Amino acid sequence: MKLLILNGPNLNLLGVREPDIYGRQTYADLCAMIRAHAKEIGVEVDIRQTNYEGKLVEDIQNALGRFDGIVINPAAYTHTSVAILDAAKAVRLPMVEVHISDVPAREDFRRVSYIRAACAKTITGHGLNGYLEAMDFLKKTMS
Ligand code: CA2
């Protein structure tokens with residue numbers, strides 16, 4: 001089983017700024033956690049981060065036939081991007097939406113999630129562990 005882990009804009013700054021919201025662990029720490037968990041549960045992972053909306057669209061499109069499922073944190077594009085939603089709907093791969101912070105408890109503009117409509121599950125506010133929970137969910141639902 002092969003999972004694509006996609007991260008949107010500014011998530012490369014994890015641990016560098018706003019530790020009160022996103023914690024002190026870095027993006028490298030997140031990648032290490034995901035890789036260790038993948039090994040534990042016996043899945044392959046490809047972890048990517050981009051600041052570009054079109055790159056996320058292309059990565060989702062190209063996942064068809066290459067990956068069995070997608071864990072996605074589109075970051076700010078969660079709240080704006082119909083293009084990412086359309087790509088996710090087009091490929092119809094099992095997908096889980098993850099947010100590190102407790103999004104509903106933040107600003108009103110973060111309450112909208114376009115990608116949610118294409119996701120089997122949404123995990124918010126569980127910190128970096130949310131990614132691991134998403135991997136567990138996909139592993140369980142697909143085996
Ligand atoms: O909570 C999440 O995971 C978010 O997807 C993070 C996005 C935000 O726009 C969403 O509303 C919720 C922001 C990612 C930026 O991450 C940073 C990390 C450290 C320092 C600055 C930004």
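Among the 17 residues around the ligand, Asn73, His79, Ile100, Ser101 and Arg110 come nearest; a residue counts as near if one of its heavy atoms lies within 4 Å of the molecule. The model is predicted: local features need pLDDT of at least 70, side-chain atom pairs count only at pLDDT 80 or more, and totals for chains, interfaces and linings use all residues. Residues are numbered from 1 along each chain as its sequence is written, and side-chain values use heavy atoms, with hydrogens and water left out.

The shell around the ligand holds 9 nonpolar, 5 polar and 3 charged residues. Here Ala, Val, Leu, Ile, Met, Phe, Trp, Tyr, Cys and Pro count as nonpolar, Asp, Glu, Lys and Arg as charged, and the others, Gly among them, as polar.

A polar side-chain atom of Ser101 lies 2.6 Å from a ligand oxygen. For a polar side-chain atom of His79, the distance to a ligand oxygen is 2.7 Å. Ala76 contributes a backbone N or O atom, 3.4 Å from an oxygen of the ligand. On its own, the ligand has 500 Å² of accessible area (Shrake-Rupley method, 1.4 Å probe), and the protein covers 94% of it.

The count of disulfides, pairs of cysteine sulfur atoms within 2.5 Å, is 0. Cys31 is in no disulfide; its nearest cysteine sulfur, that of Cys119, is 20 Å away.

Note on methods
Polar contact = N/O pair within 3.5 Å; in protein donor to acceptor, adjacent residues only side chain to side chain.
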